[in-house]
Every structure is written in structure tokens, then in C-alpha cells.
Amino acid sequence: MRGRNVDPYKRVTSREYISAYDTKEDNTVRLLNSKPSWQRSFLYVLVASLSSFSYGYHLGVVNETLESISTDLGFRGSTMAEGLVVSTCLGGAFVGSLFCGWIADGVGRRRGFQLCALPMIIGASMSATSKSLWGMLLGRLFVGTGMGLSPPIASLYVAEVSPAAVRGTFGSISPIATCLGLMSALFIGLPANKIMGWWRICFWVSAIPAAALALLMEFCAESPHWLFKRGRSIEAEAAFEKLLGGIHVKSAMAELSKSEKGDESNTVKLSELLYGRYFRVMFIGCTLFALQQLSGINAVFYFSSAIFKSFDVSSQIGNTCVGICNLLGSILAMILMDKLGRKVLLLWSFLGMAVSMGLQVIAASSFASGSGAMYLSVGGMLMFVLTFSLGAGPVPGLLMSEILPGNIRAKAISLCLTIHWVINFFVGLLFLPLLEQIGAQLLYTIFGSFCVMAVVFVKKNVIETKGKSLQEIQIALLPQEDTSTNQ
């Protein structure tokens, strides 16, 4: 769009002169008011999603291969050893999540991605070449450390480089990548029980996306929020130009400057995250992640094969259906995130999960038997996975990266995900013993009750962040007197 050019040496009427420059001014205002193009940051978000793909792959790599691993490494029949191969990752992830906030703030988001890729590559190589159970466990521990680092850094990076209008859509790419990684691991692992040593190939393959992440991040834009926070304003402007386009740099920098005023200090004490002006946002974040895990989702993921086998349903067919439901829900979440909003998706997601657990309770009761119990149980489980992936899965991580103030964002997400991993571990550890002690009906009732609690909590405490800049969200959440001094 161009205004009429006026020759300064040509005599023109005042009306023509003013009209020409009014047109030019209108065009400039129109450009400034236009939304930044999503294409500029899309490639960077895709590269960042490689960390989520690796995360998903490592979650599923032992699912189909565990039997052949136990045979080759000499611990076949030992449920304790098999359980350690699966759960050692969770211990490593807990350790990684403890330090990810300090790493992300210390070296930046790009270098943080590269650091999380390193233990994944090393751990995959150690597992692929292991000759004993201890070698396998050490490799899984390394991989777990990278898994603990990657989700918080991915959430931070995607939120900070995405235009506000598509931040929800871009934030949903990571869960889709996780799901694709999980399904890839299951698919690649299918020949493991037929081809001797195939499980080693599966672990070597897991090093490829991690290596690609480390390499491609070298060419990606750094988070302008992190650069500005470190006092590197010129580099922050260059990053905004890459991400949003030159016409939006000044407005983005002005908004960032306003929100980050007073946040020059990089030292945040743990006590500051737990009370005072940050209590509300930390309470929302920690509670959301706790309720997400207490809903029982990982009990479903970890023990779905056992549920399918109890009804004489092939575990391969069943797990494929679980993967399809997870992927379908994640795609729908990506489409709806910036249309319906985060809060709406969370409400309907937890409500759907509560209904799904109700079906499981009925299936476990005396009211259902035979094929009726099978349809209710399997159908309820698939519905649970679908509704989880619509909101309760992808939204908490995105929401935390949006509502947390810039000066505590990395460390606060680290703390929230530490709670996630702790509850994840205990749900996986206690599910089978509780199933034996109190029965499926009562256990599923407990899970369903947590889903109902989540609906009430989201309704009362979560604000809608759709279409708002990170700075607008922080101003809305923090007390006014604090935003003036700290935001």
C-alpha cells in the first residue's frame, strides 16, 4: 500500500498536499496496527518441538523393546529390574527439572536446548551399547536428565518467540510432537521381539532428533525477553526483527521495556516464589500440574496394555488406538487454542475426564459385566486420553509460560514441573498396589474426584490469556502496586 507521492518543487493545492500525506500516515498506522506474521517464528517453533519429539520417543522406546532388552541383558523375569529400566528416566527427569530454570536463565533458551540435547545423545548411546543392566540404567538416567530439562525450556521459548495471536496454536505443537515421538517409538520398536538386537537400533535412532535439535538451534533466534533481561537490548531488537518483522520492533521493545522495568536482577530466592506478590501465579501453576497428574493420566499411559490384555484385546491394537486418540486430541487443541481459549479447553477437558472416569467406575461395578464392561472400560479409557489431550495435557505448560512474570518465569516453571515429576513418580509407583488393595471402582472414583476438583479450581482461579501479550497478562494477574515496581 503506497500513498500518493508529492513533488516538493511542484505547486499543489493545500488540500492535495494534506491528502497525500494523510494517506501515507494512514498506511503507516495501518501497518503498525497489523498483527505480526506467524510465518517468521514458525520455523523456530518447529525446531524447538524436536525437544518434545525426543521427549515422547524416550517415553515410549522401552514399551515394545523391554522384553528383548531383559533377555539380552540377563534380567528377564525380574519385575523390579524391568520397572527400574522404565522409571529411572523419571528420577533423571526430576533432577533435570530442578535445575532447568537456572540453566535457562543463565545461558539462554537456545543454549538450554543444546544442553538438554547433550544428555539425551549421551544416554541414548550408552543404552544402545550397554552390556549389562547397570549400563542401561545409567544411560536411562542421563536421558531422563535431558527429559527434565526440555519441557520447561520449550514452554519458555515458544511463549517468548510467538506472536500473541498464535501463541496458543504454537504452544500446542509441542504436545503433538511428543505424541508423534511416542508413536514413532512404538512403531520402530515393533520388530524388537523378532529381530535380535533390534532394541539397540531403537536407542540409536533416539539420538537423531536430539542431535538435530542441538545443530539447528545454532541458527535459531534467541528469546528477545531473555536478551533484554540480560541488558542486550540491541540483540533483543535484532531478535524481534527476525521474529515479528521490522515494523513491529519498536512497539514490541516499548512493551517489553515497560513490563520488564525493575526486573534487572537475575537473583530470585526460592522463598520469593512461594509467598508475597508471586503467590497467586505460583499457586495456580503448582495446583494445575498437581491436578493434571492426580487425574490418573499416567496410570492410564503406563498400564493401558494390562487393561487391554484383561479383556483379551491385543495390546498393539489398543496402544495404537490410545496413540491415535492422543494425537487427534492434540491436533484439535492446536486448532481451538486461540479460538476458544485456554480456560474453556481446560474446563471441558477436565469435565470430559471426570465423565470418562465415571464410565470406568461403572465398568468396574456389578452393574456391568462381560462385553458391556469391556466397552465401558476401553471406551472410557480412550475417551479419557482424548479429552486429556484437548486441554489438561497441553494447556498447563503453555499457561504457566504466559502468566508467570519475566523475572521468575524460568525458575517458577522449573518448580512447577518438579511437582509434576514427583506426583508422576508416585502415581506410577502406587497405582498397582492401590488397585489390589482398594479395587478399581474406588481408585477410579478418586481419580474422577480430582478431575471434578480441577473443574472447580479452573473456574475460580484461571484467567483467560487468549490473544493477550505476556505483558498484559502479567499486569492483570499481579497486584497493581507490584506491577508498577516489578513489571
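Helix α2 (residues 39-60) and helix α5 (residues 109-129) have axes that come within 11 Å and cross at roughly 30°, which makes α2 roughly parallel to α5. The model is predicted: local features need pLDDT of at least 70 and side-chain atom pairs count only at pLDDT 80 or more, while totals for chains, interfaces and linings use all residues. Residues are numbered from 1 along each chain as its sequence is written, and side-chain values use heavy atoms, with hydrogens and water left out.

**Terms for helix packing**
- Helices (H or I, at least four residues) and strands (E, at least two) are DSSP runs numbered from the N terminus.
- Axes are lines fitted to C-alpha atoms, for helices over the stretch in contact, and angles run from 0 to 180 degrees between N-to-C directions.
- Angles under 35 degrees count as roughly parallel, over 145 as roughly antiparallel, 65 to 115 as roughly perpendicular and the rest as oblique.

**α2 with α5**
- The crossing of these two helices, α2 and α5, is left-handed (the near helix is turned anticlockwise from the far one by less than a right angle; clockwise would be right-handed).
- In contact (heavy atoms within 4.5 Å) are A48, S51, S54, Y55 and H58 of α2 with F113, M120 and A124 of α5.
- The residues of this contact comprise 5 nonpolar, 3 polar and no charged (Ala, Val, Leu, Ile, Met, Phe, Trp, Tyr, Cys and Pro count as nonpolar, Asp, Glu, Lys and Arg as charged, and the others, Gly among them, as polar).

**α2 with α6**
- Helices α2 and α6 pack at an angle of about 155°, their axes being 9 Å apart; they are therefore roughly antiparallel to each other.
- The crossing of α2 past α6 is left-handed.
- From α2, the contact draws on S41, Y44, V45, A48, S51, S52, Y55, H58 and L59; from α6, on R140, V143, M147, S150, P151, A154, Y157, V158 and V161.
- By class, the α2 and α6 contact holds 12 nonpolar, 5 polar and 1 charged residues.

**α3 with α9**
- The axes of α3 (residues 66-73) and α9 (residues 198-216) come within 9 Å and cross at roughly 115°.
- Here S68, I69, D72 and L73 of α3 meet W199, R200 and F203 of α9.
- This contact of α3 with α9 has 4 nonpolar, 1 polar and 2 charged residues.

**Second largest pocket**
- Helix α12 gives the most to the lining, with 4 residues.
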